[in-house]
Every structure is written in C-alpha cells, then in structure tokens.
Amino acid sequence: MFKEAIYHRPKDNFAYAYDEQTLHIRLRTKKDDVEIVHLLYADPYEWKDGVWQLNRAPMAKSGSDDLFDYWFIEVIPPYRRLRYGFELTSGNEKIVYTEKGFYHEAPTDDTAYYFCFPFLNKIDVFHAPEWVKDTVWYQIFPERFANGNPSINPEETLPWASKDPTSASFFGGDLEGIIQHLDYLADLGVNGIYLTPIFHAPSNHKYDTTNYFEIDPHFGDKQTFKKLVDLCHEKGIRVMLDAVFNHCGYYFAPFQDVLKNGETSKYKDWFHIREFPLQTTPRPNYDTFAFVAQMPKLNTENPEVKKYLLDVATYWIREFDIDGWRLDVANEIDHQFWREFRQAVKSIKPDVYILGEIWHDAMPWLRGDQFDAVMNYPFTNGAIRFFAKNEIGAKQFANIMTNVLHSYPENVNEVAFNLLGSHDTPRILTVCDNDVRKVKLLFLFQLSFTGSPCIYYGDEIGMTGGQDPGCRKCMVWEEEKQNRDILEHVKKLIALRKAHPAFRLGKITFIEASDESNHLIYTKTYLDETIFVMINNSSKEIDITVPLSLKGKRLVNLWTKERLVAEGEGLRAIIPPYGFLLYQAQDR
C-alpha cells in the first residue's frame, strides 16, 4: 500500500458531528490502492481484563478523484465520545492506521495510539437553517432588473435596455420594479431572492456604500423595501441582502472626515492607513479592496467599527425581517468579527442564512461558529469547464465534483450556494457559445446537485453578455425576445426539484463517466427514492447500456412520464446530442 497517500485528521471534513448523536468519519487513500477499509473504534473507557474493547465496522468508498479514493462511515457513539483507527486491506497486505502511525496489528493496550473525538458537544454541531435545503435562489442586480418608479431615476438614466451597459450606466432599476415582477418569480418557482447591495452609494453596483442604514434613493425607500419583504414572504420567498463590510465607499462620512482632518480625525483608526496625508495615486497609501482608492478597507478589529457594522447587520433583520446576509469579500475580514457577527444576527433571528463570498477552500469559516455556507465557486468552475467550454472530459468532471463534495462536511454541502453565473462572471449562454443545449445541461446538473442552487437574473431566458459590465444588461421583459425554451426547461426542473426529495436532497453517486463518449451517469438517492440522471455532453447520439441491477424495478421517465420495465442487469439508453434522460426507479 502507498502509505504516503493515507490521510485522516480528526476534525473538519474528515471527522465531524453530523447531528447531536452522529459522527461522520472519512479516510483518504491512493486511488485504486486499497480494497477494503474497516473502522476500528470504541469508547475510550470500554475495557475488559486490561484489554480495550475495539469494535470493527466496514467503511464504504464514497468517491474518487484524480489521485485519491475516499472512504466513509457513520457512527453513533453511545456515550458521545470515540477513539478510532483504520484497518486497510489490499490483497494479502493488511495494516492498521492510527494517529501514531502504522501497525501490523491493532494495539489494545492503550487508547493513546488512536485518533480522538473527545466529546460530541451539542453547541459544536454545525447548524444551518433547514429551509435553505429546499430553496432555489434568484440573484437580482437591482439597477438592471426592472424600472418600477421612473420618478426616482438618477438624472443620467438611459431608456431601458437602449444601450449596452458601461461601468457607469444607469437604467433606473429599483425595488418597485422587483415588486411588480414577483408573480414572475413565483411562477418560475424560485423561493429565495438575493439582492446585490441596495444601500446608499454613488455607483450603479452599490458596492461602495456611503450609508449602511439607508436605502439608496434611486432604488426607493424603507417603506418600499418593507413592502417588498412582506410581499415576498406572503409568496413563500425569502430575501437575502448583500453586506459590504470589508470596505466602504469613498464618500462614507467617517472616511471623508479622515480625508479632511487627517491624523486628528476621530475616525482615523476606522481604516488601515499607512501614512498621512492620504493619497490615492499611483496607489493608495491606505488599504482598500484590491487597489481601488474609492473602496477603503474598514478596520473590523476596531471596537467602534465592529459595533457600527453589527448594528447594521441586526437592524435590517430586526426592522425588516430579512432572511439572510451575503457577505462580500468575506475572506479578508478577521475571523473574530465573523464569530461575533454570527452571534449577533442569530440572536435576533436564529434561522437567518449567513453566506460568505469565498472563492477558495473555505473550511476555516465553516466550522459552525461563522458562516452557514459559501458561494460554491469550485462547483461553478468545474461545471463551466465541462458543460460550457469542453475543457475537460466526463471522468475529470466527476473527479472534480467528488473532490468538491469531500472538501466539506456533508451538512455543509447540503446548504452550499451553487451558482453558474453572477454579476462578476460572463453569462452562461455566452460561455456556452450560444448553444442552448449546453445551457440546459448546466441547469440540469445545478438543480440536481447537492446544495442550494442560485439562478442569475436573465440566465433563465437566455440573456447574453461577457465579463462585467456585459453580464449586467437590463432584464428582458418582452416575451418575444426571451428564450422561452430555456425558461420552460428551468421551470420544469425546479418543479421536479420540489416534487422529488431525492432530486434536491438526495446523496449523489457517480455511476459512470466516459471520456470516449463524454457521457455521465449519476444517481440521487434519498430514503427509498432513487433517481438516475444520464447526460450526453457530446455532439453525437450515444447508445449505451447502463450497468445497473434493475430486476423487479419499474422506471418512470420524469421528463416525459413514460414508464418502462427494466429487465436483466442493465438499462439500454439512447441519448441525443447534448441531451439527457431522467428516470425514477420504482418497485413493481
């Protein structure tokens, strides 16, 4: 066995409390190197005649990526504590892996050899809001969704969709425009909306906040926002706002005071200033978002800044009953601030959703004391590379998704924010080179994957656009200009997600991934329901036999409602170019 690849740590995604009674334990080994793995485990105080009473249970292979196999087991320790190790078998070779290294036989004279989960404390269990598992989000860039109240337009407002946007364009989108189209969102089937910043700011994107306690007047007022939230809740739609706490805008009053008064300003410690006087060129001499002089970084370790921002966070929950906060540039803010943020907002509304914008490995923020989820960009990148760009084959794609699922605990994955595009990325139809079939496959995979999916406004009707500002065009409301084929496809997928628990909640298992035909087969299983998803991501029709034991089963095509009886040890499937099949297995 290749011992250098065998890995476990008794924390984070390798050993964690799934609920108040259950531990999940994972092990990593070299791909195709180990045949059988058993967990060796016992309560650390279970002794008999000087011998520690080890139990032995088989672990299941939960997936593979390019380099590794992953093994999984669920354990319910009767006394909520556990010492454990692993017995690995390959051919005639058998070894025991513990915290102290490798052994030929499992030591039973001392528990100190073994990995330790000291105690399953209830307060340490990762808890995210249950409702998120059933939520399909819809991201709205308010300035471009709909102009519902032209009387509050900025002076330089352009006629709706009259030109392609620039970084400085205004088209008059506002909160009233969202209110007027809530029936559209409800008919689409989404039950959560995520709004990019709506607070007072000079830009069209509002990520340069000047007043965190006020709605931007070009979007409306607090009364309008309260109406929006109330109407959303009446329709079963949750509302999440964008919190830009890493940095403020250039015209934020405290920063303006520092510009005016320099070292004598009472707000000088609200920011990270390297020297006075402040300068913006050639690079600012104060910390900013990137090197954008108009976005000075806030010092969240400063008690006054911390109080101000936590007051903001709780104010919009307490006064307007919002359901979530999306946290901009969350990884550049200190962990202690986010711990206090969580305590503050959860004390007002325990089931509020806390979503961090982090593009890399986010495990340090997902231990139950900070965020409920992060924006799942590893999922996004893998899906775009496979379905849209054809940069990778089916095997590598399945490996990437397996790695994504094993990067975090299962209860974290269940509420992950899975997006295909956003205000920061090109439109998916554009990335797909205007191939609608590829867009449909992207939506199919997104809406059947583990987690909480998010649709970027307009992607469901085939809007196009490159990188910002191209991806921020005005929403198309004329039906004759919308791609109704994509729209009906998305509506049908959302309906399936709501009707079938396995589609939204089920565990995903990759059954087959072929680089030769570029097809992918996976199952979604929840309780006694299993759904088979078969995808042909190629330009040729494929005729395959799926190696599944289906004797005694009846299959229902969830897309066409056609029923067929499966015989033997396989299922023949003919899948058109860039097409798919969805089957639910039922007992006859």
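Where is the place of proline 469? Proline 469 sits in the loop between strand S22 (452-456) and helix H12 (484-499), where helices (H or I, at least four residues) and strands (E, at least two) are DSSP runs, numbered from the N terminus. This is a predicted model, in which local features need pLDDT of at least 70 and side-chain atom pairs count only at pLDDT 80 or more, while totals for chains, interfaces and linings use all residues. Residues are numbered from 1 along each chain as its sequence is written, and side-chain values use heavy atoms, with hydrogens and water left out.

**Backbone details**

Most residues other than glycine have a negative phi, and most peptide bonds are trans. The peptide bond that joins aspartate 468 and proline 469 is cis, with omega about 10°, and a cis bond also joins threonine 281 and proline 282, with omega about -5°. Proline 282 belongs to the loop between helix H4 (253-261) and H5.

| Residue | Phi | Loop |
|---|---|---|
| Asparagine 434 | about 65° | between helix H10 (428-431) and helix H11 (436-448) |

Aspartate 49 counts as exposed because its relative accessibility is 74%, whereas asparagine 434, with a relative accessible area of 49%, is partly exposed.

**An enclosed strand**

Nine of the nine residues of strand S9 (residues 82-90) are buried, so S9 is largely enclosed by the rest of the structure. Both of its faces are covered, with Leu82, Tyr84, Phe86, Leu88 and Ser90 buried on one side and Arg83, Gly85, Glu87 and Thr89 buried on the other. Two strands pair if DSSP finds at least two bridges between them, and S9 pairs in the antiparallel sense with strand S3 (residues 36-42) over seven bridges, with alanine 42 opposite arginine 83. S9 also pairs antiparallel with strand S12 (residues 115-117) over three bridges, where leucine 82 stands opposite phenylalanine 117. Five bridges join S9 to strand S10 (residues 93-98), again in the antiparallel sense, and threonine 89 has lysine 94 as its bridge partner there. The hairpin of S9 and S10 has two residues between the strands, and glycine 91 takes a positive phi near 60° in this hairpin.

**Cores and a cavity**

In soluble globular proteins, nonpolar side chains tend to be buried together. A nonpolar core is a set of buried Ala, Val, Leu, Ile, Met, Phe, Trp, Tyr and Cys residues joined through side-chain atoms within 4.5 Å. The largest such core has 142 residues, of which Tyr138, Phe225, Phe245, Trp316, Trp325, Phe341 and Phe445 touch the most other members. Helix H5 (residues 303-320) gives the largest share of this core, 10 residues, and a second, separate core of 25 residues includes Leu27, Val37, Leu82 and Phe86.

A cavity is a set of points, on a 1 Å grid over the protein atoms alone, where a 1.4 Å probe fits but cannot get out, and its lining residues have an atom within 4 Å of a point. The largest cavity is lined by Leu366, Ala373, Val374, Asn376, Tyr408, Val412, Asn413 and Ala416. Strand S20 (373-374) and helix H9 (410-413) each supply at least two residues of this lining.

Notes:
Buried means under 20% relative accessible area, exposed over 50%, partly exposed in between (1.4 Å probe, protein chains only). On a 1 Å grid over the protein atoms alone, a cavity is a set of points where a 1.4 Å probe fits but cannot get out, and a pocket is an open set with protein on both sides within 12 Å along at least five of seven lines; lining residues have an atom within 4 Å of a point.
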